[in-house]
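Here is a friendly tour of a two-chain model, one region at a time. Keep the viewer open and follow along.

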Amino acid sequence: MKEATTNPLARSWRDIPQNVKPRAMSREGRRRVKLRALRIAAAAGVIGLAGWGAWEVTAALRSQGGLPGAAGGAAPVRELSLSTDGVLDKAWLARTLALPPDASLMDLDLEGLRARLLASGQARSAAIVRKFPSTLAVSLSERSPVARLAAPGAGPGDPALLVARDGVSYQGTGYDPAMTGSLPWLVGESAPGPGGRPAPIPGMGTVAELLSRAQLEAGPIYRSWKSIDVSRLETDGEIVALTRDGLRETFGAQEDFYRQLAKLDLLLDAAAGKPGEVIRDINLSLGGQVSVALAPVPAPVPGAAPGPASVSGNPPSAPSPAPVLQFHIN
Amino acid sequence: MSSSHTFIGAVEIGTSKVSVLVGQHTGRELAIIGRGECPASGVIKGTVVDYKAASDCTHAAVEQAERDAGERIDFVFLAQTGSHLEGFYNEASASVKAADNMIDRDDIRTVCELAMSKELPAGRVVVRHLRRPFRVDGRLVPTSPENLVGQRLEVGYWTVHGQEQRLADNMHVIRGFNLEVRELVLSSLASGHMVTTPEERQHGVLVLDIGAGTTDYVLYRDGAPHTTGVLAIGGTHLTNDLGVGLRLTHSQAEKLKLRFGRALPHTRDKAEKVWLDGNYSIGDRQFPRHTIEQVTSARFWELLEVVRRKLGNAFSPETCPGGVVLTGGTAKLPGAAECAGKIFGIPAHLGETPAWIAQDLRDPGYHTALGLLYYGINSHAERAPSGRRRAGFLGSIGRLFSST
């Protein structure tokens with residue numbers, strides 16, 4: 001009989017390793033191993049997806065202000081950061097956002113702030129991002145004006161609206177006055193009311209194409225334009241440019257603007273060498289033909305000066321009937 | 001795998017056939033929901049000698065059982081037999097530490113560890129420690145001695161050990177199907193648990209599981225296994241003897257054994273002859289029935305004599321009032337119980353499963369597999385009492401990873 005002796009327990013059958021190599025397994029055994037691996041992979045995938053989903057939900061709640069501000073360690077907004085491709089500055093941004101002085105970064109309604117920025121019309125798109133702990137970063141993409149538009153009921157000294165290529169009119173801010181003063185007036189189109197949201201002007205893309213082509217290819221002609229009449233754009237497909245000299249130049253919206261501008265330049269050059277008569281009307285919308293209306297040179301009136309640009313948007317009065325010549329220019 | 005059910009496979013890789021039962025265990029109840037059977041190959045006397053052949057037939061039986069059950073087996077209880085299994089008895093005693101001589105858990109653990117700490121030869125591993133009842137100051141304690149008062153605590157273990165490589169071969173056959181062996185149960189304990197009642201085990205009973213290649217025996221005393229053993233003798237020896245004696249092929253001898261073999265000679269007329277096939281085909285021959293019975297009974301008698309000798313002093317008719325219970329395929333030999341009764345000097349009968357076992361599972365060929373499930377579950381629960389499974393999704397995920 002044994003009395004208080006201690007030997008380690010002998011090895012048991014449980015100490016025998018049970019694993020076998022795959023080649024020692026049957027086909028069903030190998031299939032089971034693969035199935036188990038698939039199950040493990042699927043389980044890992046489910047866990048991963050669940051984790052990713054939880055993370056996404058948390059991120060979404062944070063971005064929508066659904067979580068308490070303390071969750072992100074947010075502080076009151078100390079700095080506004082602006083990135084833009086235009087002329088707007090931080091002062092405009094601060095005025096437009098009008099943030100409360102102690103507004104916490106997490107408490108801000110980013111969608112509401114973005115709507116405020118876009119309401120001005122000058123900003124085409126806006127992105128607002130919280131940068132912890134206290135910076136609100138705004139990234140803007142601005143519209144560029146191509147013409148001016150008189151606001152309804154505006155007087156001569158009132159600021160004009162600016163019209164962008166996409167037809168949106170807005171109160172321009174931060175532009176060089178010389179640049180805005182050189183833009184032609186847009187007539188024949190009603191401006192939105194003071195309380196209404198600016199509605200895009202139809203056909204403005206075509207007008208902007210003519211203006212940009214003229215500005216790029218025929219600078220003197222562009223600079224001579226005082227106003228652009230688009231009243232017949234939709235019905236007749238014609239754009240009428242009125243120069244500061246009272247010349248009426250009609251362009252066909254369906255024709256190539258480059259060719260029309262080239263014809264106009266040729267005619268103006270040809271007319272410059274003919275004293276005694278001035279051209280009052282040129283119609284370039286007739287395809288291969290150009291209609292030119294001539295008028296005798298008016299006698300100079302003492303004390304008369306060239307009229308200032310009308311800010312009322314009313315185009316100058318139409319010239320009196322004059323002889324009409326038909327040119328054939330290819 | 002269902003979260004509340006465990007599907008356990010009971011696999012017995014025998015010399016003549018592989019039996020598989022699928023049990024659905026709910027923690028409280030066990031239901032047999034599938035079974036599979038396949039003729040064995042690559043196994044001789046309970047030992048795998050051809051891994052590929054043994055794997056093929058075992059996996060076929062497991063697949064069949066899974067198809068029958070409609071469920072996948074989670075893990076396996078494997079029956080173990082073979083002549084390499086041996087046993088020895090080792091006991092230890094310890095003085096009770098407490099001043100008031102009340103036995104506590106530390107005393108029990110100490111004496112149990114002492115009794116189990118016996119070194120084994122190289123290459124041998126313990127298959128099972130079978131504890132015999134405790135004794136407190138020489139007084140038998142059938143259950144736990146905790147909180148009893150005494151000065152000396154004694155316990156003994158019948159330790160069954162086997163050759164590591166042969167055990168590994170059996171387990172690798174199961175693992176080749178990507179199933180884990182959770183319990184390795186001696187075939188004798190499995191079948192003995194199934195064909196005896198607790199009362200019989202308490203009073204003392206000897207169970208003989210006579211298979212095709214081996215004979216497993218277990219002697220119960222005081223409600224616990226007292227001695228176990230395995231003989232590399234079985235029904236195939238009877239067949240071989242018939243084949244040699246009558247100059248027959250193995251299959252012809254097997255046919256004669258099943259039809260006319262007996263454990264005790266019964267035919268008095270030495271001139272009575274029986275046909276090999278009985279269909280008057282070419283090659284059909286006649287053999288003396290008396291000779292067949294003499295050959296089979298002589299070998300069967302010898303087999304039981306060997307068991308008696310192996311048991312030695314552990315067995316005596318006085319300590320085994322429950323008698324001898326025979327099970328296994330060879331035990332179906334007519335006169336087997338009568339023969340056992342004569343040799344052991346006590347009543348003997350064929351083992352029967354409890355009445356609640358389904359009729360189609362009462363064949364002695366399923367006794368071991370049935371016992372595997374019931375004995376294995378008890379043993380598994382005793383080994384891991386705190387192994388309560390986690391429920392729910394996280395539990396499933398945990399089991400998925402832990403099982404790999």
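## Chain A at a glance

Of the 330 residues in chain A, 23% are buried. The model is a predicted one, and its chain A holds eight helices and 14 strands. Among the contacts in chain A with a separation of 6 or more, 59% are between residues 24 or more positions apart.

## A three-stranded sheet in chain A

Let's begin with an open sheet of three strands, ordered E2-E4-E3 in chain A, where the pairing is mixed. Strand E2 (79-84) and strand E3 (123-131) of chain A are its edge strands, each pairing on one side only. On average, neighbouring strands here are turned by 20° against each other, direction ignored. E3(A) and strand E4 (residues 135-142) of chain A run antiparallel and are joined by eight bridges. Within this part of the model, Val129(A) sits opposite Ala137(A) of E4(A).

Two helices lie across these strands. Helix H2 (residues 90-97) of chain A lies across E2 and E4 of chain A and runs at about 115° to E2(A). Helix H3 (residues 110-119) of chain A lies across E3 and E4 of chain A, and its angle to E3(A) is about 150°.

## A left-handed crossover and a hairpin

Further along chain A, strand E11 (residues 248-252) and strand E12 (residues 277-286) are paired in the parallel sense over three bridges. Arg248(A) has Asp281(A) in E12(A) as its bridge partner. Which hand does the β-α-β crossover from E11(A) to E12(A) have? This crossover is left-handed, and the chain passes through helix H8 (residues 257-272) of chain A on the way.

E12(A) is also joined by seven bridges to strand E13 (residues 289-296) of chain A, and these two run antiparallel. One of the pairs is Ile282(A) with Val292(A) in E13(A). E12(A) and E13(A) make a hairpin with two residues between them, and Gly287(A) in the turn has a positive phi of about 80°.

## Where the chains meet

The contact between the chains involves 29 residues of chain A and 32 residues of chain B. On the chain A side, strand E1 (2-3) and helix H1 (27-63) are the elements that give two or more residues. H1(A) provides the largest share, eight residues. Sorted by class, this side of chain A has 13 nonpolar, eight polar and eight charged residues.

## A five-stranded sheet in chain B

Chain B has an open sheet of five strands in the order E3-E2-E1-E6-E12, with mixed pairing. Strand E3 (30-39) and strand E12 (180-186) of chain B each have a single partner strand, so one side of each is left without a neighbour in the sheet. Neighbouring strands are turned by 20° against each other on average, direction ignored. Strand E1 (residues 6-13) and strand E2 (residues 17-25) of chain B run antiparallel with eight bridges between them, and Gly9(B) has Val22(B) in E2(B) as its bridge partner.

Helix H1 (residues 51-69) of chain B packs on this sheet, where it touches E1, E2 and E3 of chain B, and its direction makes about 145° with that of E3(B). Helix H3 (residues 164-175) of chain B lies across E1, strand E6 (75-80) and E12 of chain B, running at about 145° to E6(B).

## One buried face of a helix

Helix H7 (residues 250-260) of chain B has Ala253(B), Glu254(B), Leu256(B), Lys257(B) and Phe260(B) as its buried residues. Seen down the axis of H7(B), they fall within an arc of 165°, so they line one face of the helix. Their cover includes helix H6 (235-246), strand E16 (273-275), strand E17 (286-288) and helix H8 (289-311) of chain B.

Terms used:
Residues numbered from 1 in each chain as written. Chains lettered and ligands numbered in written order. Predicted model: local features only at pLDDT ≥ 70, side-chain atom pairs only at ≥ 80, totals over all residues. Pairing = 2+ DSSP bridges. Helix = DSSP H or I, 4+ residues; strand = E, 2+ residues; numbered from the N terminus. Axes fitted to C-alpha atoms, helices over the stretch in contact; angles between N-to-C directions. Contact = placed C-beta atoms within 7 Å. Nonpolar A, V, L, I, M, F, W, Y, C, P; charged D, E, K, R; others polar. Right-handed = clockwise from strand over helix to strand, strands pointing away. Buried ≥ 20, exposed ≤ 12 C-beta atoms within 10 Å, placed from the backbone. Arc of directions from axis to C-beta.
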